[in-house]
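I opened this entry to look up salt bridges and helix packing. My notes follow in the order I checked them.

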Amino acid sequence: MSIAQRVNKINPSFTLQMATKAADMKSRGVAVINFSVGEPDFNTPKHIRDAAKEALDQGYTKYTAGPGMIELRQAICEKLERENKISYDPSSILVSNGEKQSLYNACQAIFNPDDSVVVFSPYWVSFPEFVKMAEANPVLVDTLPESNFEPNFDDLESKINSTIKGVIINSPSNPTGGVWSNEAIVRLLKIAKDNQWIVISDECYERLVYDGEFTSAEKLNQVHNIGASILTCMSLSKTYAMTGWRIGYAAGPENIIKAMSKIQGQATSCANSIGQKASIEALLGDQSCVEEMKLKFLRRRDLIIELLNDLSGVTCSIPDGAFYVFPSFKAFLNKRVNGKILKDTFDISQYILEAVNVVTVPGDGFGAPGYIRFSYATSSETIKKGIRRVKTALDKII
Ligand SMILES: Cc1ncc(COP(=O)(O)O)c(C=O)c1O
């Protein structure tokens, strides 16, 4: 039986492949150090786990309303009002099996074959694939590494054309950790408004901003009276260390939410009921766990940056958010090791893996040649040990 053509058009999740590689090595007894992780290393806070246990005992084990339990959608509206200062009605909220499903649903619901969608590079690996799965075309636009990977507006302006129907933004960003300034977001929203593009704003790292305050794109849209059409996508995964629970959500224009809900209804019915109950507690309960985790991430960020910048040939700017750093390894490109030339960061990451059992994610996979992503969602001890090993590997490159 042959497989449908659409499968060949998309790339497999490249970061998941790296994580699988690390798990595979570990299971073979290799003392691997894994900097490829895209999730907090903490367990979900106790009060949230307790809420899930209670939900099980109370029999919340059935299908829920397709767009999510009304109590959860109300809790999301309360959270959006409290933290993001934006008002929504529960009818404008869709709860999905992780934000990933919200983003997928959004692209399916909004884009037609041959529409174009702006994606900024370096991009989270799934963005171009979501666009392609909707049979639309990603238009890759450069960012400025020296300015927190904010959009290169000259590049954007040069690529504007009538086939573009939307733009996907992600600040704080995976893979760079960069946080765009409010000015950059406002400038982008104005361009989106002028060209009648929908803005899909992936804000899953909203609570992991270290040096400033996070402002939702929709809030900026309102404060500056721009009038752009924005679909905000958020997640419980990173904020509450709940990646495995698979709960995320979208908030936006009611017609888009309805269309997304229709697709989700046929694809998965609803998000899992226990996770939804736990998410109500996460959003409305004690928030001190969020700040505690953030503080730990901040200490680790500063540690890994110091250690990386001490490596000869490596340069790493300080990203303001998420739990990734994105150092440049350009100095090692086209150098030699073990008789082999390192032609790109796939080669460099592979060499580091083979030489010292450290897993990293090559920037070429995110559309960022010369860079390598390190996640610091791991202990300080592991960070120290891992970067020492990377040094040993780099010292052999000539
Ligand atoms: C930028 C970005 N958006 C969305 C997601 C997906 O989050 P969720 O676990 O809610 O599906 C991730 C997860 O790594 C991410 O990095």
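I counted salt bridges first, taking a side-chain nitrogen of Lys or Arg within 4 Å of a carboxyl oxygen of Asp or Glu. The count comes to 18 salt bridges. This is a predicted model, so I kept local features only at pLDDT of at least 70 and side-chain atom pairs only at pLDDT 80 or more, while totals for chains, interfaces and linings use all residues. Residues are numbered from 1 along each chain as its sequence is written, and side-chain values use heavy atoms, with hydrogens and water left out.

**Salt bridges, one by one**

I looked up Asp41 and Arg300. Their side chains form a salt bridge at 3.0 Å, N to O. Asp41 sits in the loop between strand S1 (33-34) and helix H3 (46-57), and Arg300 sits in helix H12 (residues 288-309), so the pair ties together parts that are 259 residues apart in sequence. For labels, helices (H or I, at least four residues) and strands (E, at least two) are DSSP runs, numbered from the N terminus.

Next I checked burial. Buried means under 20% relative accessible area, exposed means over 50%, and partly exposed is in between (1.4 Å probe, protein chains only). Arg300 is buried at 8%. Asp41 is partly exposed at 39%.

Asp50 and Lys53 were next. Their closest N and O atoms are 3.9 Å apart, in a salt bridge. Both residues lie in helix H3, three residues apart, about one turn of the helix. Asp50 is partly exposed, with a relative accessible area of 28%.

Then I took Lys340 and Asp347. This salt bridge is 3.6 Å, N to O. Lys340 is partly exposed at 44% relative accessibility, whereas Asp347 is buried at 9%. I also found a network: shared partners join Lys79, Arg82, Glu83, Glu206, Arg207 and Glu291 through salt bridges.

**Helix pairs**

I moved on to packing. Axes are lines fitted to C-alpha atoms, for helices over the stretch in contact, and angles run from 0 to 180 degrees between N-to-C directions. Angles under 35 degrees count as roughly parallel, over 145 as roughly antiparallel, 65 to 115 as roughly perpendicular, and the rest as oblique.

How do the axes of H4 and H11 cross, and at what angle? Helix H4 (residues 70-84) and helix H11 (residues 273-284) have axes that come within 9 Å and cross at roughly 25°. They are therefore roughly parallel to each other. Contact means heavy atoms within 4.5 Å. On the H4 side I noted Leu72, Ala75 and Ile76 among others, and on the H11 side Ile280, Leu283 and Leu284 among others. The contact residues divide into six nonpolar, two polar and five charged. Here Ala, Val, Leu, Ile, Met, Phe, Trp, Tyr, Cys and Pro count as nonpolar, Asp, Glu, Lys and Arg as charged, and the others, Gly among them, as polar.

H12 and helix H14 (residues 380-394) pack at about 10°, with axes 10 Å apart. That makes H12 roughly parallel to H14. Arg300 turns up again here, among the H12 residues of the contact, and Ile383 is one of those from H14. By class, this contact has six nonpolar, one polar and two charged residues.

Last, I looked at helix H5 (residues 99-110) and helix H6 (residues 126-133). Their axes are 8 Å apart, at an angle of about 40°. That makes H5 oblique to H6. The contact includes Tyr104 and Cys107 of H5 and Phe127 and Phe130 of H6. Its residues divide into seven nonpolar, two polar and one charged.
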